[in-house]
Structures are given as C-alpha cells and as structure tokens.
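Please look over the chain below before reading on. My notes follow as numbered points.

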Amino acid sequence: MDNALQILTEDYNAIIATFLMMIGLYIVMSRAHLIKKILGLNLFQNAVFLFYISAGKVGGGTAPILTGEAGAIYSNPLPHVLILTAIVVGVATMGLGLAIVLRIHEAYGTIEEDEIAQADIADDTRDEDRE
Amino acid sequence: MSETLALHAPALVILLPLLTAPLCFLFSRAANGVWATALLVSLLSFLCAAFLLEKTFDGRVLSYHFGGFPPPLGIEYRIDMMSALMLLIVAGASLLGLLFARRSVARELPAARQSAFYVCYLLCASGLLGVAATNDAFNMFVFLEISSLAAYALIALGGDRDRRALSAAYNYLIMGTIGATFFVIGVFFLYAATGTLNMTDLADRLHALPVGSRSLYAAEAFIIVGLALKIALFPLHVWLPNAYAFAPSAATVFLSAAAAKVAIYALVRFLFSVFGLDFAIGGETLNAVILPTAMIGMIIGSFSAIFARHAKRIFAYSSIAQLGYMMLGIGLESREGLEASFVYLFNHALAKSAIFMALGCIAYQQASMKLSDLHGIARDMPWTMAAFTIAALSLIGAPLTGGFIGKWLLMDAALAQGFWLIALVIAAVSLMAVLYVWRVIEAAYLKAPTGRRRGAPRAEAPRREAPFSMLLPLWIAALLSVYFGVDTRLPVGAAEIIADSLEAAGQ
C-alpha cells in the first residue's frame with residue numbers, strides 16, 4: 001500500500017501520461033470515423049511527449065538558461081529538444097493523415113471506416129469476378 | 001581527395017538526397033527536370049555507398065561526428081559493414097527504381113503530381129539511408145519517420161489510378177505511427193535509465209546496470225513491437241498487401257526492395273548491438289517469440305499469395321512470407337542464422353524489385369493487373385516476362401540464383417541447431433512459392449489471350465513490349481540476382497563480417 005501511494009505521489013506524471021496514451025490508443029482502435037482516429041493518434045503521441053518532458057524535470061531545477069550563478073540546478077534540456085523534433089514529426093503525420101482523409105472523402109464519398117472497407121471489398125470482388 | 005571523401009562520405013550519402021528533395025520541390029515543377037536531378041543525386045549517393053562498402057570490407061568502422069561534436073554528446077554516424085551493406089541496398093534500389101520510374105510515373109500519375117512523386121521518393125530514400133547510417137537512437141526515430149511519412153505519401157499517390165491506394169495509405173499511416181511511437185517510448189526508457197542516446201555508449205552503460213531492471217524489459221518490448229510493425233512481421237502485417245498492391249509501380253519497386261529491410265536492420269541493431277542476447281528480455285524468450293511468428297507469417301503469406309487473383313497482390317503477400325525467412329535467421333540467434341538472413345535480404349531485394357518492375361512494365365501497357373487479364377501476355381511482352389521468370393526463379397530459390405544461396409544457408413543454420421521442423425517449413429514454403437509463381441507464369445505463357453475473345457469489345461490498344469528505359473533496370477536487377485547466385489563473394493563475404501561483428505557484440 002505504501003508502495004502504491006509512493007507511486008501515486010511521486011510518479012503521477014507517468015500515471016497521467018499512461019492514462020492519456022491509453023485513451024488515445026482506444027480511440028484509434030474503437031472509432032470508425034477516420035478523423036476521430038487521427039485525433040486519437042495525436043492524443044497518443046502527445047501523451048508520450050508529455051511523459052518525456054515531465055521526466056526531464058529536475059526537482060527544484062529552473063529553466064536551463066545559464067545565468068552564471070554558482071550551484072544553480074537546471075532541468076534537463078535534452079528531452080525538450082528531442083520532443084521539439086518529435087512534435088514536428090507529429091504535426092507532419094497529422095497533416096498528411098488529414099490530407100489522405102480528404103482524398104478518401106473525394107474518392108469514396110464517406111469517411112466511415114466500415115463503409116470504406118465495404119467499398120474496398122466490392123472493388124476486390126469486381127477484380128475477381130471475371131475469372 | 002580520397003581521404004576527404006572517406007571523411008565525409010557517411011554524411012554525404014544521406015545529405016545529398018535529403019537536401020535535394022526540398023530544393024526540387026521549391027524550384028521545379030517540371031517532372032523530367034526533377035527526375036533527372038533525383039537520378040543524378042541517387043547515382044552520387046550510390047557511389048558514396050559503394051565507396052563506404054569498399055572501405056569497411058576489411059572490418060573497419062568509419063565514424064562521422066556531426067558538427068564536429070564528438071560522441072556521445074554529438075550525433076555520430078557510424079558506418080560498419082552492416083550499415084554499409086544496407087546503404088548499398090537502399091541506394092541501389094533507389095537508383096534502379098528511378099531509372100524505371102520516368103516512363104512508369106509519366107503513365108500512371110497525373111502530370112500535376114509527377115514532380116511531387118520524385119520529391120517524396122528522394123525523401124523516403126534519404127530517411128532509409130539515415131536509419132542505416134546513424135548511431136543515435138533518437139536520430140534513428142526521426143529518419144524512420146521521414147522515410148515512413150514519405151512512404152505514406154508515395155502510396156497515396158496511387159489513389160488516382162485505384163482508390164484503394166488511399167485507404168491502404170491511411171491504414172499504413174495509423175499502424176506505422178503507432179509503431180514509431182512505440183519505438184520512441186522504448187528509446188525514452190533507455191534514455192531514462194542511462195542518460196545517453198548514442199547506441200555504442202548505450203550498450204556500454206546498459207551492461208553496467210543490474211540485469212533484472214523492469215524498465216529495460218519494457219524498453220526492449222516496445223522497441224521490438226514498434227519495429228515489427230514497420231517490418232510487417234506477422235501478425236502486424238495487415239497494412240502491407242494493399243499498400244504494395246495499389247501504390248504506383250515505381251514506389252512498390254523501391255519500398256519492397258528497401259523499406260522493410262531497413263526496419264529489419266534497425267531491429268537487429270537494437271537486439272544484438274544494444275541489448276545483447278543475455279540482457280533484458282534475453283535470447284530464449286526472443287527465440288520463442290520470433291521463430292513461431294516468422295514461420296506462421298511465412299505460411300499465411302504464402303497461402304494468401306496462392307489464392308490471390310491480383311498479380312501485384314500475389315507478390316505483396318509473398319513479401320510477408322519472404323520477410324518471415326529473414327526474421328527466421330535472426331530468430332535462430334546464431335552466427336550462421338544471421339549470415340543467412342543478410343544474404344537472403346540482399347538477394348530478395350534484387351529479386352523482388354525485378355518482379356515488381358516486370359509487373360510495372362505490364363501496368364504500363366494495361367490498366368488491369370487481374371491474373372485473367374494477363375493471359376497470353378508473354379506473347380506480347382516476351383522480354384518483360386523472361387526477366388520476370390528469372391527473378392521468380394530466384395524468389396523460389398532455384399539453384400544458380402541468389403535466392404538459392406540464401407535458402408541454403410538458412411536451412412543449414414536451422415539444421416546446425418537441430419531445428420528440423422524449421423528446415424521442413426523452409427522447404428514447404430519454397431514449394432508454395434512455386435505454386436503462386438506458377439499461376440502467373442501459366443497465365444502469361446500458356447493461356448490464350450482473353451482480349452481476343454469473339455464478340456469482346458477491343459477497347460484497349462494491342463499490347464506491346466515495354467519501353468527500353470523500363471526494361472533496362474528490370475534486366476539489370478534480374479541478371480544481378482543470377483550473378484550473385486554464382487559469384488557470392490559480395491553478399492556472403494559481407495554477411496560473414498556482419499555475423500562475426502554481431503556475434504562479438506551480442507556476447
């Protein structure tokens with residue numbers, strides 16, 4: 001019990017991030033709406049980013065800007081830099097994903113996954129019926 | 001001159017295509033100009049890769065420090081034999097694919113999107129090259145995503161010809177992004193445990209840690225699953241068949257030859273060079289996971305290929321089976337198994353790109369890739385189908401082809417450890433390959449053309465042989481896959497050095 005309490009109070013960032021990650025992943029898997037899936041994916045990615053950044057915090061540390069003061073404690077800047085790159089990747093993924101959804105809407109006339117799957121199967125059978 | 005080149009080649013091989021791609025996008029709308037630039041850059045990149053392979057063939061390791069910051073603080077590109085071989089495969093596939101692409105893309109894509117195709121192609125190539133060259137775990141994630149994002153776009157570009165390309169690209173995007181995010185979680189756990197991202201440094205510091213650390217188990221599991229999604233290892237393969245089947249022909253050629261293989265490289269790098277087999281998850285558990293999934297993937301992929309009726313999809317399913325072979329050698333976790341995997345990987349890249357180029361030649365002449373519409377096509381396109389047959393023989397593993405060497409070594413490695421069941425599966429799956437390849441050969445050579453049926457509308461123009469600029473790369477790939485079955489010095493020699501260095505690192 002003490003152990004669980006310790007995790008709750010000290011590693012709450014991990015718990016929050018895991019919670020958000022699972023919500024995101026669940027949306028991706030359970031929704032049929034293509035844009036909702038992309039939003040879920042984005043939530044999943046951003047939860048990981050939050051986890052990274054929160055782990056770079058050093059207790060009592062300030063922003064990592066050199067002031068010349070002796071003995072100052074800084075947060076670890078490296079996770080911030082990494083996540084800055086990862087955010088760019090995430091934005092690019094979301095942009096590309098939405099662009100593809102737009103094209104899907106033009107080609108299929110719907111952005112519901114099950115209707116698209118049905119249309120795909122119809123295309124497949126049309127490919128095969130002339131055997 | 002040679003010394004300066006040796007100093008900067010590890011960076012040049014990637015930076016050339018990476019910097020050219022956006023410049024092409026900004027300054028040129030003419031597809032032919034962009035194509036010529038891309039071809040030139042690919043050629044230079046290929047020459048750099050060949051140069052690096054020659055430099056590392058004696059087991060030497062080249063290290064390039066970006067911005068002059070020495071590792072582990074700075075980002076390091078580290079070229080050993082394994083990286084150099086992957087660079088050669090990717091750059092070679094990109095060069096052949098581009099030679100093939102000009103007429104194929106001009107026919108398959110609307111004029112407005114042709115230059116975009118080459119820009120995405122270059123970006124994808126530079127991403128894959130970057131994964132092979134970098135020695136920084138996070139840098140690897142970024143390159144993986146550059147290549148994947150470009151690959152999603154390349155596949156979606158097939159949407160003008162067949163709308164299923166769009167839904168395939170969307171599914172690949174969702175699965176691929178989940179995979180990449182898993183990979184980044186794994187890298188995060190490693191960084192949190194060691195405080196470093198440089199992979200050599202990471203390996204050193206990891207092994208100073210206590211063996212039972214739970215976060216390291218999580219790290220390895222996340223990295224394996226993330227990369228398995230990118231490899232399309234069974235049961236994470238569902239995105240692959242439609243993505244390969246409906247992408248533009250030239251994109252399929254390049255992706256099938258290079259993309260999954262680079263992900264395999266990344267997995268090997270982490271399993272053997274970073275974690276090692278007696279650390280974290282450990283060799284025995286990996287054995288129990290990778291061997292069965294690889295074998296089931298081989299069998300299911302081949303079954304689906306046998307029953308598919310769309311020529312490109314047959315060989316997309318076959319890719320799942322062939323990736324299973326490569327994973328099998330890795331799962332054996334022996335020196336011989338790794339050697340076999342890399343020989344297999346090399347030869348499969350040649351054979352599969354030749355096969356998809358042959359199918360691309362057919363797609364150039366007719367819109368339909370249904371098997372029933374390929375009846376008698378060998379009469380109209382004899383050169384295409386002859387090259388296809390040679391490459392298909394290598395895929396099956398007929399003697400005197402590259403595929404035979406790979407399968408032989410793999411069987412040998414399995415039997416050396418007493419896994420006779422695995423050897424049996426290898427043989428059985430090769431027979432299944434005969435079946436699905438035969439269905440295409442039968443349609444092309446033995447069936448009468450259906451287009452000449454009485455009363456059938458003759459809407460399509462008579463089929464002709466594909467243009468020379470498409471046949472040339474096709475024949476280069478087909479002949480090379482025979483050449484490397486006879487003269488095995490390059491693939492087997494390289495694979496031996498790779499296996500030795502991995503075995504030394506895995507201890």
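**Notes on chain B**

1. With 507 residues, a compact globule would have a radius of gyration near 23 Å, and chain B agrees at 22 Å. That radius is taken over C-alpha atoms, and the globule rule is 2.2 Å times the number of residues to the power 0.38. Along its principal axes the C-alpha trace of chain B spans about 80 × 55 × 40 Å.

2. This is a predicted model: local features need pLDDT of at least 70, side-chain atom pairs count only at pLDDT 80 or more, and totals for chains, interfaces and linings use all residues. Residues are numbered from 1 along each chain as its sequence is written, while chains are lettered from A and ligands numbered from 1 in the order in which they are written.

3. Chain B has 19 helices and two strands (DSSP runs numbered from the N terminus: helices are H or I, at least four residues; strands are E, at least two).

4. Of the 507 residues of chain B, 63% are buried (20 or more other C-beta atoms within 10 Å of the residue's own, C-beta atoms being placed from the backbone).

5. The loop between α8 (214-231) and α9 (240-246) of chain B holds Pro235(B). A cis peptide bond joins Phe234(B) to Pro235(B), with omega about 0°. Ala232(B) lies in the loop between α8 and α9 too. Its phi is positive, near 75°. Ala232(B) is buried, with 28 other C-beta atoms within 10 Å.

6. Glu333(B) sits in the loop between α12 (311-332) and α13 (335-365) of chain B. Phi of Glu333(B) is positive, near 60°. Glu333(B) counts as buried, with 22 C-beta neighbours inside 10 Å.

How values were computed. Buried ≥ 20, exposed ≤ 12 C-beta atoms within 10 Å, placed from the backbone.
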